[in-house]
Amino acid sequence: GRNPQQSLVELQNEIIRCVKCPRLINHCREVATIKRRMYMEWVYWGKPVPSFGDPNAQIMLLGLAPAAHGANRTGRMFTGDRSGDWVYRTLHKYGYAKHRYSHSRCDQQKLHNVYITGAVHCAPPLNKPTNMELSNCKPYLIRELKLLKRLKVIIALGGIAFKTYLGLASDLDLYLPSPRPRFGHNLRYQLGEGKWLVTSYHPSQQNTQTGRLTEEMFGQVFQTT
């Protein structure tokens, strides 16, 4: 068959060129034009953000969507904002990332055994994609999950990522236990042979600044993975 690695690269190029959601595309471009004062020097990415990571990964981090002045600026998932700082610091601590920071897509950061994607690849206004936008992006995630042949663990960051993944059960022939998995922090569900879904509160500023999610709690998700 086709080389899955090559197909993953082609899929990312397709995602970058996607214009299925006019509201999101306009928002990404508008943010990239207006910018934030502290990033005036930056040439913002301003389009759908591709996934990032190891094509042979056994662990997938599934987030919600790029942040307007984070990944929409840098062009790399979870890069350039506070949530991203948490993610890469933790990945580095547990041996999954080469550096403990991720500033730009040219900073030589490299992931080992982890692949980062999102339920949506464009920055949505107020961080709230519509159901239609989630559903437009869904085929990309399904293809990605099928191309990542070694995947064993899906870590859903936040409730929307969790719901999105469960919603793919029939497309991916996943076994859904009864009672149906519920969202919480660091819960684990086996969805068939050697496939695990792990839940985590999203490392959003709202969660981290209020102490709903601490670095220690976030680290626990990776300790047992």
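**Exercise 1.** In this predicted model, is Asp171 buried, partly exposed or exposed, and what is its relative accessible area?

*Solution.* Step 1: the relative accessible area of Asp171 is 34%. Step 2: buried requires under 20% and exposed over 50%, so Asp171 is partly exposed.

**Exercise 2.** Identify the salt-bridge partner of Asp171 and locate both residues.

*Solution.* Step 1: Asp171 pairs with Lys138, at an N to O distance of 3.9 Å; the cut-off is 4 Å. Step 2: Lys138 belongs to helix H5, whereas Asp171 sits in the loop between helix H6 (159–166) and strand S5 (188–190), so the pair ties together parts that are 33 residues apart in sequence. Step 3: Lys138 is partly exposed, at 31% relative accessibility.

**Exercise 3.** Which residue forms a salt bridge with Arg143, and which helices hold the two residues?

*Solution.* Step 1: the partner is Glu14, with 2.9 Å between the closest N and O atoms. Step 2: Glu14 lies in helix H1 (residues 4–17) and Arg143 in helix H5 (residues 131–147), so parts that are 129 residues apart in sequence are tied together. Step 3: Arg143 is partly exposed at 34% relative accessibility, and Glu14 is partly exposed at 31%.

**Exercise 4.** Are Asp107 and Arg76 buried or exposed?

*Solution.* Step 1: these residues form a salt bridge, their closest N and O atoms being 3.0 Å apart. Step 2: Asp107 lies in the loop between helix H4 (82–93) and strand S3 (114–118), and Arg76 in the loop between helix H3 (71–74) and H4, so the bridge ties together parts that are 31 residues apart in sequence. Step 3: both Asp107 and Arg76 are buried.

Technical notes:
Residues are numbered from 1 along each chain as its sequence is written. This is a predicted model: local features need pLDDT of at least 70, side-chain atom pairs count only at pLDDT 80 or more; totals for chains, interfaces and linings use all residues. Side-chain values use heavy atoms; hydrogens and water are left out. A salt bridge is a side-chain nitrogen of Lys or Arg within 4 Å of a carboxyl oxygen of Asp or Glu. Helices (H or I, at least four residues) and strands (E, at least two) are DSSP runs, numbered from the N terminus. Buried means under 20% relative accessible area, exposed over 50%, partly exposed in between (1.4 Å probe, protein chains only).
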